[in-house]
Amino acid sequence: MREVDAVITKRLASGVPLVSQVSRYIISAGGKRLRPALLLLVCGALGYRGEQRFNLAAVVEFIHTATLLHDDVVDESTLRRGRATANESFGNPASVLVGDFLYSRAFQMMLDAGDMRIMEILADATNTIAEGEVLQLMNMHDPSLDEAAYLRVIRSKTAKLFEASARLGAILAGSTPEQEQACADYGQALGTAFQVIDDALDYEGDVHEMGKNLGDDLREGKATLPLIAAMQRGTPAQRELIRHAIENGAVAELDSIVAIVRETGALEVTHQAAAAEAQRAIDSIGQLPANSHTNGLLQLAAQLLGRRH
């Protein structure tokens, strides 16, 4: 990861000071670097030790960071990872344009790999993420959203880059098609579990642990799994309250909504869904060679279930 950070620092350099300033601000915010770590772990599990793994790990982190910059503008978020978002600090125009810079820098870096298959995976992933963002926008303030539609957004918006990161590790390692697919399945399941838990934390977390404002999802009118499950299991009056809150982004009702989510067992339903995805991730890499990196992948899926922020 130190090597990846060195690549990130080097490739953030720009002749335009504001570009470097905003890029450094969000990259240095202490993110989990899960996607680069996933790529490196898969490379290690399959025996690839080449330098290109550091370059592509930085690429997936740049793509992820670009999506965060754009996300926070769209969602009008003010807090991420315990401090002001870039849009709050530098304004929306700078955040959007620096997000564009990170996307385009990532595509420049992809060329270094000199592999059309790698470019295809990353281009497809970036496009799918953008579609997921638009799909989520269309679903805002829609209380009729069901679990299938909710998962479709997650698989596009969040899990796709996890999937691509794992697949890239397998491609770099020259793995068999079966191993490559197993790694991609692992990444998709891990990314899905990660986001489902994130959505649960919006109703059970602590703002100091989370580093973001609780109730942000509700304010944005997002019908996430805790709310979907609560509506399925609640009384007519509880359903109506949640429906109204989703339609109107009614944060004033947050305490009541949190109580309903907890009373109806919706958080348990959400954690069970995340646990099923984490288990799917674990099951999918049974055919990888037994070594410390594969153990790391297994531990990552298991630890996800204890995630608090």
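Here are legends for a set of close-up views of the predicted model shown above.

The model is predicted, so to speak of local features a pLDDT of at least 70 is needed, while side-chain atom pairs count only at pLDDT 80 or more and totals for chains, interfaces and linings use all residues. Residues are numbered from 1 along each chain as its sequence is written, and side-chain values use heavy atoms, with hydrogens and water left out.

**View 1. The largest cavity, lined in part by H2 and E2.**
Searching the whole structure turns up two cavities of 30 Å³ or more. A cavity here is a set of points, on a 1 Å grid over the protein atoms alone, where a 1.4 Å probe fits but cannot get out; lining residues have an atom within 4 Å of a point. Points are joined across faces, edges and corners, and a volume is the space filled by probe spheres set on them. The largest cavity holds about 70 Å³ of space. Around it you will find Tyr25, Ile26, Ala29, Asp72, Arg80, Arg81, Arg83, Ala84, Thr85 and Ala86. Helix H2 (17-27) and strand E2 (83-84) are the elements that give two or more residues to this lining. Helices (H or I, at least four residues) and strands (E, at least two) are DSSP runs, numbered from the N terminus. By residue type, the lining has five nonpolar, one polar and four charged members; Ala, Val, Leu, Ile, Met, Phe, Trp, Tyr, Cys and Pro count as nonpolar, Asp, Glu, Lys and Arg as charged, and the others, Gly among them, as polar.

**View 2. The second largest cavity, with H4 and H7 in its lining.**
This cavity has a volume of about 40 Å³. Its lining is made of Asp71, Val74, Asp75, Glu133, Gln136, Leu137 and Met140. Two or more of these residues come from each of helix H4 (52-75) and helix H7 (116-139). Three lining residues are nonpolar, one is polar and three are charged.

**View 3. The second largest pocket, where H4, H6 and H7 each give two or more residues to the lining.**
A pocket, unlike a cavity, is an open set of points with protein on both sides within 12 Å along at least five of seven lines. The second largest pocket contains about 230 Å³ of space. Its lining includes Thr67, His70, Val96, Tyr103, Thr126 and Ile129. H7 provides the largest share, six residues. Seven nonpolar, three polar and two charged residues make up the lining.

**View 4. Helix H6, residues 92-110.**
With 19 residues, H6 reaches 27 Å from its first C-alpha to its last, close to the 27 Å expected at 1.5 Å a residue; the expected span is 1.5 Å times one less than the number of residues. Among the buried residues of H6 are Val98, Phe101, Leu102, Tyr103 and Arg105. Buried means under 20% relative accessible area, exposed over 50%, and partly exposed in between, for a 1.4 Å probe and protein chains only. Helix H1 (2-11), H2, H4, helix H5 (86-90) and H7 are included in what covers these buried residues.

**View 5. The largest nonpolar core and Tyr186.**
A nonpolar core is a set of buried Ala, Val, Leu, Ile, Met, Phe, Trp, Tyr and Cys residues joined through side-chain atoms within 4.5 Å. Helix H10 (residues 177-204) gives the most to it, with eleven residues. Leaving out residues up to four places away in sequence, Tyr186 touches Leu38, Ala281, Ser284, Ile285, Leu297, Leu298, Leu300 and Ala301, where contact means heavy atoms within 4.5 Å.

**View 6. Helix H13, residues 225-233.**
Seven of the nine residues of H13 are buried, so this helix is largely enclosed by the rest of the structure. Leu225, Pro226 and Met231 are among its buried residues. They pack against helices including H8 (147-157), H10 and H14 (236-248).

At 15% relative accessibility, Arg33 counts as buried. His141 is partly exposed, with a relative accessible area of 36%.
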